[in-house]
Amino acid sequence: MSAEAVAAKRPVSRRLTGLFHGRPRLQVGALLSGPLAWLVVLYLGSLTVLLITAFWTVDPLSGEVVQGFSLENFESLFNEPVYREIVWRTVRTALLVTLTDAIIAFPIAFYMAKVASRRGKALLVVAILMPLWSSYLVKVLSWRTMLSQNGVINWALEPFGLHGPGYGLTAVWLVMSYLWLPYMILPIYAGLERIPNSLISASEDLGAAPFTTFRRVILPLAFPAVVAGSIFTFSLTLGDFITVRLVSKSQFIGTVIASSITNDLPFAAALALVPIVVMIAYLAVARKLGAFEHV
Amino acid sequence: MRRREAHPARTAWLVVGGLLVFMLALAACGGGGSSGGASGSTEGELQKVGKGEGAVNLISWAGYVEPEWTKPFEQETGCKVNNKTGGTSDEMVELMKTGQYDGVSASGNATARLVAAGLVDPVNVSLVPNYKTIFPDLKNQPYNTFEEVHYGIPHGRGANLLMWNPESVKPAPTSWDVTLDPKVASKYKGKISQYDDPMSIAEAAVYLKFHQPDLEIENPYELNEEQFDAAVSLMKEQQPNVGEYWGEAAKQIQAFGAGDVELGTTWQYQYFALQEEGAPVAASPASEGFLPKEGATGWSDTWMISSKAKHPNCMYEWMNYIVSPKANAEVAEYFGEAPAQSLACDETANKNFCTEYHADNPAFWKRVYYWETPLADCGNGESDCMDYNDWVKAWTEIKG
């Protein structure tokens, strides 16, 4: 009996084991190909297709996509002031939401990391995670109801002679800040937890006032965590369109993409590249600030 | 022999590279496939309605496909009705592109696009017995018949309404100036509800046709640059007064019900829904022969069959059923529109329904401007009209 015939008689699993034996590159390749296929095909792949689509156009009558190379979409993006205004409005709101969340999140995270008892800490973590258990849409629709003319916000403010913001940009800022707050608290909390208490004691022993300790010791050490959290709040605000539609009449990058998809897919693709470019710039700055070093 | 070391990084790059090539190849194939579809339907219309396929997938306006009349249809034909509601014509065209639907209740601003893109097939009207008794002024219209080929079965028509809250908007408006004349509309700053669709520009055009005759607007969907700019700037002046742009009926119903908006353009569907809720609403009632003095934009809808229909027999059954006297009367009364079927007028619960909605009064419809797809070529041979792309771009600009 020849050697091949013997090999053929072995069960498949044994033959597979044999195939991988002594071939480390094949082993690593097989192990990585699954997750990498996911990453490359679904993430990078769709981005590539998006990039290609941005250079196509549509036939004005039928709305059919015409494949080819044209800079038309980018020209109207740059030349028409309305799009600059929309991009700037979106970025401005994203920055504002990020700043708001950072200011609110820091004291909460600090209390959790350095002051609260073990039990209190656990309770606070649950309290912060709890809103994430309910659907995004339910939360936004609740805000729409609360911000309404006859909503609970106006009802609560009325005795003081005040009036709620109603629908509009202020409402967008308010709702977004609420929605993304947990994404800011958790990284800061994790960052603060890692600062040894001995550093704070040392600073105090050396005679630093509490504010100086905060400014010179805690903040520099926690700053990368704040930046990491800001990546979430910034990017989530940048891409949102449902909140914007439900609590304002303003146009954001997301809402224009959503309404362009139906009749001008290539233009929507070109517009979708804007938040990507903004995010790359943002990440570059975050990297400079050391957001990826300790996380 | 020395064994080669595994090199994870290099291996990873090899995998990435391979997959990238694979994916681009896939994208290229996919792209090639879709570009071939544009030339569209050469197979043409059905010659004979055969046995139903057991189901029919529809895209419709809210209120067009309701259990009251789909249940009897399902029992009669064995075709199960799966319905998807579209909020705007653009959305419907997009849904039709997926090829997963058998038919659509298309308004005039979708039909030409659907035909041009080859997304719908001609309809053999001889296979739709109820077509014979449809009101003659709905047949062979530019939005349902292209180069003398029928592309659908008329469903019904109506005017877009001006709706207001009678507690805060006094006196009862008789003109669109309450939403469009900046001087009058500023009284209701932040309370105006405007349909979020480029078609709204035509509302301004209807208004200008009446108030600025020197612009010489004939058809509010066929605007040259000067007329178009005037309409767009009117909508831009309206923007600060708008409280909310609504893209789907439910959003407007909610906002009106909560008192966040107090007047604006609407459909009968929302008006009825709000009345049922007990919300304080009034509307220029078509039932009393009343449109705001300028006239109004409106719609005349057509059931069309997808060129990729998987259930063509069921779709033909549906097209015949929905314009059968009883079903057409039901949908017309439910939605609040004039039926397309002349015999439906004997079947309505309200015996005066057809008179109230002017179903058989062609003169009335002269002041209702059915949605159309704006085209560059608007019949004067000069192709100097603003096309739908211009309308879409302008609409983004108007909202700012």
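This is a predicted model: local features need pLDDT of at least 70, side-chain atom pairs count only at pLDDT 80 or more; totals for chains, interfaces and linings use all residues.
Figure 1. Helix H9 of chain B spans residues 249-258, and its buried residues are Gln252(B), Ile253(B), Gln254(B), Ala255(B) and Phe256(B). After H9(B) comes Gly259(B), a residue with a positive phi, near 80°.

**Figure 2. The packing of helix H9 against helix H10 in chain B.** The axes of H9(B) and H10(B) lie 10 Å apart, and the two helices pack at an angle of about 40°. From H9(B), the residues making the contact are Ala249(B), Gln252(B), Ile253(B), Phe256(B) and Gly257(B), while H10(B) contributes Tyr269(B), Gln270(B), Ala273(B), Leu274(B) and Glu277(B). Sorted by class, the contact of H9(B) with H10(B) has six nonpolar, three polar and one charged residues. Gln252(B), Ile253(B) and Phe256(B), which take part in this contact, are also among the buried residues of H9(B).

**Figure 3. The crossing of helices H5 and H9 in chain A.** Helix H5 of chain A (residues 81-115) and helix H9 of chain A (residues 169-193) have axes that come within 6 Å of each other and cross at roughly 40°. At this angle H5(A) and H9(A) are therefore oblique to each other, and the crossing of H5(A) and H9(A) is right-handed. The contact of H5(A) with H9(A) has, by class, 22 nonpolar, three polar and three charged residues.

Figure 4. Chain B, which has 14 helices and 15 strands, is divided into domain 1 (55-156 + 301-363) and domain 2 (159-298 + 375-399). Taken over C-alpha atoms, the centres of domain 1 of chain B and domain 2 of chain B are separated by 25 Å. Where these domains meet, 11 residues of domain 1 of chain B are in contact with 12 residues of domain 2 of chain B. On the side of domain 1 of chain B that touches domain 2 of chain B, the residues divide into three nonpolar, six polar and two charged. For chain B as a whole, buried residues make up 51% of the 400 residues, and, among contacts between residues at least 6 apart in sequence, 72% join residues at least 24 apart.

Figure 5. Asn165(B) is placed in the loop between strand S8 (161-164) and helix H5 (177-180) of chain B, and, with 19 C-beta neighbours inside 10 Å, Asn165(B) counts as partly exposed. Although Asn165(B) and Pro280(B) are 115 residues apart in sequence, their C-alpha atoms are 5.6 Å apart in space. Not counting residues up to four places away in sequence, Asn165(B) touches Glu262(B), Leu263(B), Pro280(B) and Val281(B). Glu148(B) is placed in the loop between strand S5 (145-146) and strand S6 (149-150) of chain B. Glu148(B) has 6 other C-beta atoms within 10 Å and is therefore exposed. Glu148(B) and Val261(B) are 113 residues apart along the chain, and 44 Å separate their C-alpha atoms.

Conventions:
Residues are numbered from 1 along each chain as its sequence is written. Chains are lettered from A and ligands numbered from 1 in the order in which they are written. Domain bounds come from an automatic or database domain assignment. Two residues are in contact if their C-beta atoms, placed from the backbone, lie within 7 Å. Ala, Val, Leu, Ile, Met, Phe, Trp, Tyr, Cys and Pro count as nonpolar, Asp, Glu, Lys and Arg as charged, and the others, Gly among them, as polar. A residue is buried if 20 or more other C-beta atoms lie within 10 Å of its own, exposed if 12 or fewer, and partly exposed in between; C-beta atoms are placed from the backbone. Helices (H or I, at least four residues) and strands (E, at least two) are DSSP runs, numbered from the N terminus. Axes are lines fitted to C-alpha atoms, for helices over the stretch in contact, and angles run from 0 to 180 degrees between N-to-C directions. Angles under 35 degrees count as roughly parallel, over 145 as roughly antiparallel, 65 to 115 as roughly perpendicular and the rest as oblique. A crossing is left-handed if the near helix is turned anticlockwise from the far one by less than a right angle, and right-handed if clockwise.
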